[in-house]
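The following paragraphs lead the reader through one structure, from the whole chain to a single residue. Please keep the sequence and the 3D view at hand while reading.

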Amino acid sequence: SHGPPATVQFQSSSNRQYTLYPTRQLAGSNTLSAVPGQVNVSGTGGTQTLADTNAAPQQFYRARRLDQ
């Protein structure tokens with residue numbers, strides 16, 4: 001069963017792109033698959049919000065900056 005949408009907010013740079021990755025555990029080897037629709041999202045230069053509308057009840061997230 002999925003819970004309500006999960007959102008992650010962070011300070012972004014306007015000349016960078018960001019991808020949101022979910023994981024069930026913080027440690028160990030995790031194969032990360034990006035959240036659909038949250039791949040290579042352009043930064044705003046301010047507070048950026050990425051969302052997982054299909055979030056599992058217990059999950060951690062990583063927002064990764066892609067250097068251009």
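What radius of gyration does the protein chain have, and what value would a compact globule with 68 residues have? The model considered here is a predicted one. Its protein chain has a radius of gyration of 12 Å, which agrees with the value near 11 Å that a compact globule of 68 residues would have. Along the principal axes, the C-alpha trace spans about 35 × 25 × 15 Å. The chain exposes about 4700 Å², and carbon and sulfur atoms supply 44% of that area. Of the 68 residues, 24% count as buried.

The secondary structure consists of 5 strands and 0 helices, so that the pattern read along the sequence is β-β-β-β-β. Contacts across the sequence can be described as well: among those between residues at least 6 apart in sequence, 72% join residues at least 24 apart.

The arrangement of strands comes next. An open sheet is formed by 3 strands in the order β3-β2-β5, with antiparallel pairing. Strands β3 (41–42) and β5 (60–66) stand at the edges; each has a single partner strand, and therefore one side of each is left without a neighbour in the sheet. In general, strands of a sheet pair through backbone hydrogen bonds, in either a parallel or an antiparallel manner. Strand β2, comprising residues 17–23, runs antiparallel to β5 and is joined to it by 7 bridges. For Y21, the bridge partner in β5 is R62.

The largest nonpolar core has 6 residues, namely F10, Y18, L20, V35, V41 and L50. One of these core residues, V41, touches R16, Q17, Y18, Q48 and L50 when residues up to four places away in sequence are not counted.

The last stop is T49, a residue of strand β4, which covers residues 47–52. V8 lies 41 residues from T49 along the chain, yet the C-alpha atoms of the two are separated by 5.6 Å.

Methods
Residues numbered from 1 in each chain as written. Predicted model: local features only at pLDDT ≥ 70, side-chain atom pairs only at ≥ 80, totals over all residues. Heavy atoms only, no water. Helix = DSSP H or I, 4+ residues; strand = E, 2+ residues; numbered from the N terminus. Core = buried A, V, L, I, M, F, W, Y, C linked by side-chain atoms within 4.5 Å. Buried < 20%, exposed > 50% of the residue type's maximum accessible area, 1.4 Å probe, protein only. Contact = heavy atoms within 4.5 Å. Pairing = 2+ DSSP bridges. Rg over C-alpha atoms; globule rule 2.2 N^0.38 Å. Areas by Shrake-Rupley, 256 points an atom, 1.4 Å probe, with all protein chains shown as cover.
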